[in-house]
Amino acid sequence: MLLLALDTATPAVTVAVHDGKRVQAESTTVDPRRHTELLMPQVTAALSDAGAARTDLTEIAVGVGPGPFTGLRVGLAAARMLGDVLGLPVRGVCSLDIIARSARHYAGSPFLVATDARRREVYWAGYDASGARTAGPDVGAAADVVAEHGDLPVAGLGGTRYADVFARLITPEYPSAAELAAGVADGTLDVVAPDPLYLRRPDAALPSARKSVLA
Amino acid sequence: MTAPLILGIETSCDETGVGLVRGTTLLANAVASSVDEHVRFGGVVPEVASRAHLEAVVPTLHRALDEAQVGLDDVDAVAVTAGPGLAGALMVGVSAAKALAVALDKPLYGVNHLVGHVAAEQLENGPLTEPVVALLVSGGHTEILQVDDVATAAELLGQTIDDAAGEAFDKVARLIGLKYPGGPHIQRAAADGDPSAIRFPRGLTGQRDMARHRYDFSFSGLKTAVARWVETAERAGDPVPVGDVAAGFQEAVADVLTAKAVLACQERGISTMVLAGGVAANARLRELTQQRCEAAGIELRQPRFSLCTDNGAMIAALGAAVVERGLPPSRFEFGSDSSLPVTEVLI
């Protein structure tokens, strides 16, 4: 087994190569505006670091969000194309679950994962102490999430960004492709189709009534 | 020896295009359009377009391969639109193209969308004899380019300073109760109208404007003039003569576009013009361009409509020109550039 894992649903671009037992190579960069530039060079570097050729790959795992749409699509477009051309299965995983799989070690109790959805909102999901998802994924105002779920520990950049609302912050801030690969390899992460979790409709206003151009 | 097989991917606006080209021979031109999803918004919604690209790019790739009856292993290089265009839409194509290039282990060329429109003409009528002046007119673009070498040297002579011509068609269509996209509906309405019944203004053609904006266009004043004319008629309780308004508007657009493009040819001593872009489907624009080029001794070249609108074959055609010239592939770290200047044919 040789698994290529990647996620672009947050400001991080994270890539890992996993052989079914352990991570062979991984890299994570953080730059919310350069996903297109960073992703595929990181993929080729990870393959090279793992001493593997693209034709050695047996499956692909990709974070399906939720996350800012433009960056999210960079990862999904690449994962779907690689899977299609190389003839490999593409496993989708909720990006919040990837963060939760890392964060459960630090929580010691039920916890939340929140990433930045901009406009004072977060993409969020709730987990029990073992890291099993119990609520979400959803998108909403940080304050509403706290009002509904109380003062739980929060992992993800949404916690840091809205630290005025979320009091108890735990790591990590970003998903790790190494965690994604490990969770897909050992079957502990729920796998879905590699389709984007947008959770919001496109911003688009229907045309308004004509305005007068005469004085 | 046969020329290398180039695959082109285009996602700069609302068309997902994948084309296959050898040299200047067209093998496939598969396009998936999200235009129907934009109709109720009266224009292209970038996020709607980007979502559609993600869903369409892999299926469109396979349609192109089927059409050309080739396999992925036959592809020698991949070309993709790096810009200009809608930022989020471009990124889907660039990311997919990078993944395709890695999966195939083939070189990748990020190329300029505008110059791609010019390269597409080579698929219709064979190699261009540069220099040429290109008049590109669509919903997103209205430019006059000078192309000295389609693979390496293009220059912007003029462009719209406000709305694109296609945008003006869409807005005027709405004013007179016609549907989106405005181009075909206005053309149909204009067929029943008198183009000289109402004279609408030709933007940036006055003496002072011709000094500062010699090859530039402006359509927002024209749109406002149509709005004023229609509203004045409505206030007076007169029926709006939709055919005459459509014909007068269409005539104003075609007149200014062709006059300035012909002028560019004459002043630059260039004897070939290429007409491309979605608005090049407009019959009156084609007719007037042809008449004026003939009168000025300019050879007019225009590809069929499916090569005029945004498509992947035009990107493959430009990729083929770049590969034929032996130019190096793009640095793999390149990103899309929504305002890529036309001087950057290859990034």
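In this predicted model, B:His117 lies in helix H4 of chain B. B:His113 is found in that helix too, which covers residues 113-125. UniProt, in an unreviewed entry, assigns the feature "binding site" to B:His113, B:His117 and B:Asp310. These residues span 198 residues in sequence, yet no two of their C-alpha atoms are more than 8.6 Å apart, so they gather at one spot.

Both histidines count as buried because their relative accessibility is under 20%.

| Residue | Relative accessibility | Contacts, among them |
|---|---|---|
| B:His113 | 0% | B:Glu10, B:His141, B:Asp310, B:Met314 |
| B:His117 | 3% | B:Leu136, B:Cys308, B:Asp310, B:Met314 |

B:Asp310 is touched by B:His113 and by B:His117. The side chain of B:His113 also makes a polar contact of 2.9 Å with that of B:Glu10.

Chain B also meets chain A: 42 residues of chain B are in contact with 37 residues of chain A. The area buried between the two chains is about 3500 Å², and carbon and sulfur atoms give 65% of that area. There are 13 residue pairs in polar contact across the interface, along with 2 salt bridges. One of the salt bridges joins B:Glu55 to A:Arg80, with the closest N and O atoms 3.2 Å apart.

On the chain A side, helix H1 (35-49) and helix H2 (69-86) each supply at least two residues. H2(A) gives the most, with 13 residues. The residues on this side comprise 22 nonpolar, 5 polar and 10 charged.

Key. Residues are numbered from 1 along each chain as its sequence is written. Chains are lettered from A and ligands numbered from 1 in the order in which they are written. This is a predicted model: local features need pLDDT of at least 70, side-chain atom pairs count only at pLDDT 80 or more; totals for chains, interfaces and linings use all residues. Side-chain values use heavy atoms; hydrogens and water are left out. Contact means heavy atoms within 4.5 Å. Buried area is the accessible area (1.4 Å probe) that two parts lose on being put together, summed over both. A salt bridge is a side-chain nitrogen of Lys or Arg within 4 Å of a carboxyl oxygen of Asp or Glu. A polar contact is a pair of N or O atoms within 3.5 Å; within protein, one must be able to donate a hydrogen and the other to accept it, and residues adjacent in sequence count only if both atoms are side-chain atoms. Helices (H or I, at least four residues) and strands (E, at least two) are DSSP runs, numbered from the N terminus. Ala, Val, Leu, Ile, Met, Phe, Trp, Tyr, Cys and Pro count as nonpolar, Asp, Glu, Lys and Arg as charged, and the others, Gly among them, as polar. UniProt positions are given in the numbering used here, feature names are shortened, and annotations may be inferred rather than shown by experiment. Buried means under 20% relative accessible area, exposed over 50%, partly exposed in between (1.4 Å probe, protein chains only). Lists of a residue's contacts leave out its neighbours within four places in sequence.
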